[in-house]
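Good morning, and thank you for coming.

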Amino acid sequence: MIDDDRSAGKASTKERILNAAAELFSSRGYGETTLAEITKLSGVNIALVNYHYGDKATLYRQTWELLHSQALAKYPLYGKLSKSAPAVKRLYEIIRSDIARRSDPSIRENDFMMNELSSPTQLMDDLHARAYAPLRAALQAAVAEISADRLSEEDRRMAVLAIFSMCTIPVKHFQNLETEVQNKYDVETRARYVYNFAMAGILDMLSRSKK
């Protein structure tokens, strides 16, 4: 018999399903993961999976929503600052928080999103709207405030694109490279370098805009 909303075991059942889905979707991606594998790992029969989530696509979306909320809870967009903090401080915290999140091996959303980027599904639009767009918007606001709107729209756009790219490149590749050359990977150091390059670029564009 399928448990209903009143069942005391429902929450734990859904959690077991989501945890199993998160592990498999993160490591193998959507196409290479089957509901049969999820039911085996979670110890839940297919009827309960269908009852709680309806189909594989719905389970996939809800798995990402869980992983995304967990990632943001651990690494908020503005780090330890509020949205009203000075722009130069916000810029550093945005960069540091994003790099820290992408560097943390316990954040399964990173692997989930890398699989999604390599083999896109119907979830891709949501990834851009809910994961990447807020980061870009926060960077745009900080750059505009730092430059006191003295940069052209194109200069601001390119500045944000450069910072965004430095934050969102596959961090694991750098971790592996730095291990090979025996350098210690350090989030704070990398964040400081990205921030310094970002500020230098903004200041350079501002100096050129006066000429």
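Predicted model: local features only at pLDDT ≥ 70, side-chain atom pairs only at ≥ 80, totals over all residues.

Is Arg 61 buried, partly exposed or exposed? Arg 61 counts as partly exposed, because its relative accessibility is 25%. On this scale, buried means under 20% relative accessible area, exposed means over 50%, and partly exposed lies in between, with a 1.4 Å probe and protein chains only.

Residues are numbered from 1 along each chain as its sequence is written, and side-chain values use heavy atoms, with hydrogens and water left out.

Let us turn to the partner of Arg 61. Arg 61 forms a salt bridge with Asp 126, and the closest N and O atoms are 2.0 Å apart. A salt bridge here is a side-chain nitrogen of Lys or Arg within 4 Å of a carboxyl oxygen of Asp or Glu. Because Arg 61 lies in helix α4 and Asp 126 in helix α7, the pair ties together parts that are 65 residues apart in sequence. Asp 126 is partly exposed, with a relative accessible area of 24%. The helices that I name are DSSP runs (H or I, at least four residues), numbered from the N terminus; strands would be runs of E of at least two.

How do these two helices pack? Helix α4 (residues 56-74) and helix α7 (residues 124-146) meet at an angle of about 15°, with their axes 12 Å apart. The axes are lines fitted to C-alpha atoms, for helices over the stretch in contact, and angles run from 0 to 180 degrees between N-to-C directions. The angle makes α4 roughly parallel to α7; angles under 35 degrees count as roughly parallel, over 145 as roughly antiparallel, 65 to 115 as roughly perpendicular and the rest as oblique.

Which residues make this contact? From α4 they are Arg 61, Trp 64, Glu 65 and His 68, and from α7 they are Asp 126, Leu 127, Arg 130 and Ala 131. Contact means heavy atoms within 4.5 Å.

Lys 74 is paired with Asp 104, the closest N and O atoms being 2.8 Å apart. Lys 74 lies in helix α4 and Asp 104 in the loop between α5 (87-103) and α6 (109-118), so this pair ties together parts that are 30 residues apart in sequence. Lys 74 is partly exposed, at 45% relative accessible area, whereas Asp 104 is buried, at 12%.

How many salt bridges does a search of the whole structure find? The search finds 11. Among them, the side chains of Asp 98 and Arg 102 meet at 2.6 Å, N to O. Asp 98 and Arg 102 are 4 residues apart in helix α5, and therefore separated by about one helical turn. Both Asp 98 and Arg 102 are buried. Salt bridges that share partners also join Glu 93, Arg 96 and Glu 188 into one network.

Leu 206 is buried, with a relative accessible area of 6%. Apart from neighbours within four places in sequence, Leu 206 is in contact with Ser 147, Arg 150 and Leu 151. The C-alpha atoms of Leu 206 and Asp 149 are separated by 9.9 Å, although the two residues are 57 residues apart along the chain.
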